[in-house]
Amino acid sequence: MSPNFRRFGAVSTLALAAALTLPAPVMAQDTDESVFTMLGRIILGAGRARVAIDTPQAVTALEAEDIEREQASTPGDLLRAVPGAEAFGGAAMTGQFLNIRGVGTSTSSDENRIVVTIDGVQKYYEQYRVGSHFGEPELYRRVEVLRGPGSSLLYGSGAIGGVVAFETREASDFLTGGSDTALRLRTGGNSNGGGVFGSAIFAHRFNERVEIMAALTGRSEGDYESGDGSTVTGSNMDSQSALISGTIGLSDNSEQRLRFSLSRWYTEGEQVPYSAYGNFAIFGNVDRTVTDDTAQITWENPASDNPWVDARVQLSWSRSMVEQENATNYPGYPFAPPSGLWQDSTYAYEGVSLDARNTVTMMGQSWENYLTFGGTVSTRDRLTEVGGGGYASQPGGTSDNFGLFVQNEFILNDRFTLLAALRYDHTELTATSGADASLLGVPVTHSGSAASLAAHYDINDSWSVFGSLAETTRLPTIDEVFDSVDVSLPDPLGLRPEHARTVELGFSWQGRDVFASGDALDVKVTAFNNQFRDMITRTGGGVPFTNIGRARIRGIELEASYEGEYWFGRVAASAIEGVNQVTGDVLASTPAHQVMLELGRRLPQYNLELGWRGTFAHGMTTASGDRVSGYGVHDIYMTWRPDQGVLRGTEIQLAVNNVLDRQYYNALDVGGYGFAFSNPRQGRDVRLTLGRTFNF
């Protein structure tokens, strides 16, 4: 264990010990149970709904108020307060990647390692020099982050990093106070880069069974300046998005309902940097259009009077498409045109999926049992058209998959919880373009299983302990199997599935009436160890992807949340180490140790909320050999909801990010390529948002 890791663990332990020396609550059940911290929020994505602090895995839920307070430009910005999770790669949407617990890089395929969903629809995109996820924060009402494989088996056997589940807005979010129609308007901007955005959301309830919502947004941001005043070219962004969603009750006397949503995110840029992330001017520029579509219809039947039925069936469709043309400027690059990279091209992922699950409830005098089972069938096409044909480093193909899962949750005396899950996945990959002719149309099949066992025990009304063990298998993807395969090798298609064993241990503490009457303080600490076997990684050369023998990622996370009548606060800290155990090198996906502190004050008489947030990262040496300095970045924010005068009913949000205009780099941006090809993060930025909802 490195000195930095030990030092972080010691600091975290001391901070936690200091917190726990506070006066213990008298009896938690005798206090006001209506006080909820962020750790008291309900988690929906890990099977049966349960409270975050009582879940035997690391989970975080962000609600609409958190999303709006962030005034985010990209979905990745929303993860800044989630321990062990962050976005990197670039400020523009088209350059962003995700990293959870040291899993996730910009240089290799992370499909299935980190599962991203929008309204339950799995999303992923893979292309050279372009990010993997697209979306508009204004359209989201909730984000759940499930860290580690133990909480992710319902989504796939290979979700070693975890799951980020986005939920889009619904009509009921705005139809309050008995109104049947609502119109919400929001606009705002930011100083660094001269950004502006606007959104309009219309919601209507036709009757007790039918309601719909429609939303339109537009966003434009220029190139930002870093802390030293230099302009970061290629960080600009222009996008438009739209969402239609609705809920239909099937009858007046039935709980059955249909939910549907259809969303689109679109951006078009002329002569934008070919490399959407990093500082790679040598690649030149290109005209690039990105269109991301997501659609789903879901049937739900909670059947509250029937313990055998709590069913959900979803049919979904997803397409992410990038069109590139008019590539220019190749100063000295060795693979200048006519290399396929710079030919007019279209890259796309398109897929259809059917997911079904049901929960059976059984109860006794002192126990409860919830059995969830189901399956998923999906097909996905990877389309590549370069100069009218395929391309070897971006092979096109199809991926046909099915998965079966079962999860059982047993609760004894409302104190002990045992959670067990099993999953089996099978995939058939077929190359349709780009690969060697001898490999086209030849199906390659892989199968894998995953299992997890987790336990949670309430020692008393304040203290709980939990732990889990997960064995997971991640199946290779189209890109990994067929990318530039050397057919002269004895087994050119011999890439093996990736395996991981994950152990998690942790404890939590809940306090009520800690600093003041009616307040709440919750703390959760999780330590984890991921041991990889046959980890798939990109190496370059004739065999871009290969299995490395062993790798390890381990870490510790601390999450604390405080809520009182006048004060609120959060702590989100993580320390993560990643090592290639064959070479001893640091994994490029290893993030810096990081602590986020937040403290806020409410002034109810003015309907005003003020807050400060500090993000502190430890220095580290990355996989590229570069030493990234540690940093501290301070943000302040304000939310005001006037209830008198001409501004009555308006919501005003003001934030100043990076108040001290700090020049700093994120270690994940540097880790793969070094400082020469990395961009510093954004300098001081003032953000203002005005919003108002009209109810009719």
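Strands β14 (257-273) and β16 (311-328) each supply at least two residues of a patch of negative charge. The patch lies on the surface. The model is predicted.

**Negative patch**
- The residues that gather in the patch are Glu 268, Glu 270, Glu 323, Glu 325 and Asp 344.
- Glu 270 counts as exposed because its relative accessibility is 68%, and the cut-off for exposed is over 50%.

**Strand β26 and its cover**
- Strand β26 spans residues 567-580 and is mostly covered.
- Of the 14 residues in β26, eleven are buried.

**Pairing of β26 with β25**
- Strand β25 covers residues 545-563 and pairs with β26 in the antiparallel sense.
- The pairing of β25 and β26 extends over 13 bridges.
- The two strands form a hairpin, with three residues between them.
- In this pairing, Asn 580 of β26 stands opposite Ala 551.

**Pairing of β26 with β27**
- Strand β27 covers residues 594-603 and is joined to β26 by eight bridges.
- β26 and β27 run antiparallel.
- Ser 574 stands opposite Gln 594 of β27.

**Side chains in strands**
- In a regular strand, side chains alternate between the two faces of the sheet.

Conventions: Residues are numbered from 1 along each chain as its sequence is written. This is a predicted model: local features need pLDDT of at least 70, side-chain atom pairs count only at pLDDT 80 or more; totals for chains, interfaces and linings use all residues. Side-chain values use heavy atoms; hydrogens and water are left out. Buried means under 20% relative accessible area, exposed over 50%, partly exposed in between (1.4 Å probe, protein chains only). Helices (H or I, at least four residues) and strands (E, at least two) are DSSP runs, numbered from the N terminus. Two strands pair if DSSP finds at least two bridges between them. Patches are made of residues with over 30% relative accessible area and no salt bridge: like charges are joined within 9 Å, nonpolar side chains (Val, Leu, Ile, Met, Phe, Trp, Tyr) within 5 Å. Accessible areas come from the Shrake-Rupley method with a 1.4 Å probe; for residues, only the protein chains shown count as cover. A salt bridge is a side-chain nitrogen of Lys or Arg within 4 Å of a carboxyl oxygen of Asp or Glu. Lys and Arg count as positive and Asp and Glu as negative; His and the chain ends are not counted. The place of a charge is taken as NZ of Lys, CZ of Arg, CG of Asp or CD of Glu.
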